[in-house]
Amino acid sequence: MQVGMIQGHTRILGKSQGYLGLPVRDIVVNDTVNGPETPAMQTAWLPTPDEIAAIAAGAPIILQILGVSHPPVMVFVGEVPSDG
């Protein structure tokens, strides 16, 4: 997967630490566990043509978290970009 530039990003994480840099969009959500106005972050990932073919063939999408503590996460498909 390639890191995408998420529309409306508010900051870039990790670049000063030597990583490529991850554009992040800060949002608030109404969460059933943590309540209304829960801070959240969104990032965009763009699959390569080979990855798209693998997903279409049934390969799973794997989320890898560094460290030993797993925060709550969600993975979903975003909107199709407009040409304008």
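Biologist: Leaving aside neighbours within four places in sequence, with which residues is T38 in contact?

Modeller: This is a predicted model, in which local features need pLDDT of at least 70, side-chain atom pairs count only at pLDDT 80 or more, and totals for chains, interfaces and linings use all residues. Residues are numbered from 1 along each chain as its sequence is written, and side-chain values use heavy atoms, with hydrogens and water left out. Contact means heavy atoms within 4.5 Å. With neighbours within four places set aside, the contacts of T38 are I27, V28, V29 and D31.

Biologist: Is T38 buried or exposed?

Modeller: T38 belongs to strand β4, residues 35-42 (strands are DSSP E runs of at least two residues, helices H or I runs of at least four, numbered from the N terminus). Buried means under 20% relative accessible area, exposed over 50%, and partly exposed in between, with a 1.4 Å probe and protein chains only. Because its relative accessibility is 11%, T38 counts as buried.

Biologist: Which backbone oxygen does the side chain of T38 reach?

Modeller: T38 sits in strand β4. At 2.6 Å, its side chain reaches the backbone oxygen of G35.

Biologist: Why does I52 count as partly exposed?

Modeller: I52 is placed in helix α1. I52 counts as partly exposed because its relative accessibility is 48%.

Biologist: How far apart in space are I52 and V3, C-alpha to C-alpha?

Modeller: In sequence, I52 and V3 are 49 residues apart. Their C-alpha to C-alpha separation in space is 15 Å.

Biologist: What is the relative accessible area of I55?

Modeller: I55 lies in helix α1, residues 49-56. The residue is partly exposed, because its relative accessible area is 32%.

Notes:
Polar contact = N/O pair within 3.5 Å; in protein donor to acceptor, adjacent residues only side chain to side chain.
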